[in-house]
Amino acid sequence: MTAPPPLAGVVGWPVGHSKSPVIHGHWLKRHGLAGWYVAMAVAPQDAERALRALPALGFRGANVTLPHKETALAVADAASARARRIGAANTLVVRDGGLEADNTDGFGFLENMRQEAPRWRADAGPALVLGAGGAARAVVHALAEAGTPEIRIVNRTRARAEALAEIVGGVALVHDWSEAEDAVEGCATLVNTTSLGMAGQPPLELRLDAAAKAAVATDIVYTPLVTPFLKTARDAGLATVDGLGMLLHQARLGFERWFGVAPEVDEALRRAVLDP
Ligand code: ATR
């Protein structure tokens, strides 16, 4: 009997909007690999059982998206330090019949910045992070690990910003939402992790002129690719990086672990995801 092709997928609820099947499908084809990557819609009350069943079903692992990222961490037999600190997992790898959890969102954030803005350095100066949800947790953790000397967190609900600041300790400072413009002063990195600016949502309106001249602004929103926030940054003469790349780069680590090839993020992948 020959071994079946490797199997992986994405678990979410809903999952129909997920770009992961297109990303991994593109890489499987690009590298001529036999393998499957499937989308699995799993309701919240079934998530624990479904995730625990992945090894027995023959999966090499899975991506986990909303609202199951915390459950994925909780059911895993082992977890990376970053997944534990962030409190959520987006990548599960089956090893010796058990589940290992990781969170690759912060890796995706950093790699996107490095690819799209090669002169950007995490440690070049303070960073402003707008928002304090799941994406913000991964971004703040990644910036802290990469040596950002000061991370200014601004969120509409201040208590969430304070809870996030505690994850990374001293480098994180919380500012009021109403003081966001003051917090821009001298920043080398500007990140929107709120849903403001997404198609159908109000824009994020913030003057960015006080940022460092060499600052780079990025947005986790990628529909549209050029959000009002990134437009403001461009108008202020700043470099910008759109949010699609974070999604693409976070997928690299799972693909490599499940299918054994380290894939690349390039223009062909961007086109495939934007226009499947
Ligand atoms: P995710 O896990 O994808 O980051 P989330 O946890 O729902 O999603 O976070 C969404 C972020 O957008 C939060 O920081 C949220 O602010 P609150 O913590 O105050 O809810 C922010 N956000 C959403 N709508 C907003 C709005 N109209 N004005 C300001 N911030 C908003």
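Mentor: Start with the aromatics. Trp27, Tyr37, Phe255, Trp258 and Phe259 make up one aromatic cluster. Keep in mind that this model is predicted.

Trainee: How many aromatic pairs are there, by the ring-centre rule?

Mentor: Rings pair if their centres lie within 6.5 Å. The count here is five aromatic pairs. Take Tyr37 and Trp258: their ring centres are 6.2 Å apart and their planes stand at 40°, so this pair is tilted.

Trainee: Which elements hold Tyr37 and Trp258?

Mentor: Tyr37 sits in strand E2 and Trp258 in helix H10, so the pair ties together parts 221 residues apart in sequence. Next, Trp258 and Phe259. Their centres lie 6.4 Å apart with planes at 85°, so that pair is edge-to-face.

Trainee: Is Trp258 buried or exposed?

Mentor: Buried means under 20% relative accessible area. Trp258 has 0%, so it is buried. Tyr37, at 10%, also counts as buried.

Trainee: Now charges. How do I read a salt bridge?

Mentor: Side chains of opposite charge can pair when their charged atoms come close. The whole structure has 17 salt bridges. One of them joins Arg257 and Asp102, with the closest N and O atoms 3.2 Å apart. Arg257 is in helix H10 and Asp102 in strand E6, 155 residues apart, so the pair links distant parts of the chain.

Trainee: How accessible is Arg257, and how accessible is Asp102?

Mentor: Arg257 is partly exposed at 40%, while Asp102 is buried at 5%.

Trainee: What about Arg270 and Glu267?

Mentor: They form a salt bridge at 4.0 Å, N to O. Both lie in helix H11, three residues apart, about one turn of the helix.

Note on methods:
Residues are numbered from 1 along each chain as its sequence is written. This is a predicted model: local features need pLDDT of at least 70, side-chain atom pairs count only at pLDDT 80 or more; totals for chains, interfaces and linings use all residues. Side-chain values use heavy atoms; hydrogens and water are left out. Rings of Phe, Tyr and Trp (its six-membered ring) pair if their centres lie within 6.5 Å; planes under 30 degrees apart count as stacked, over 60 as edge-to-face and the rest as tilted. Helices (H or I, at least four residues) and strands (E, at least two) are DSSP runs, numbered from the N terminus. Buried means under 20% relative accessible area, exposed over 50%, partly exposed in between (1.4 Å probe, protein chains only). A salt bridge is a side-chain nitrogen of Lys or Arg within 4 Å of a carboxyl oxygen of Asp or Glu.
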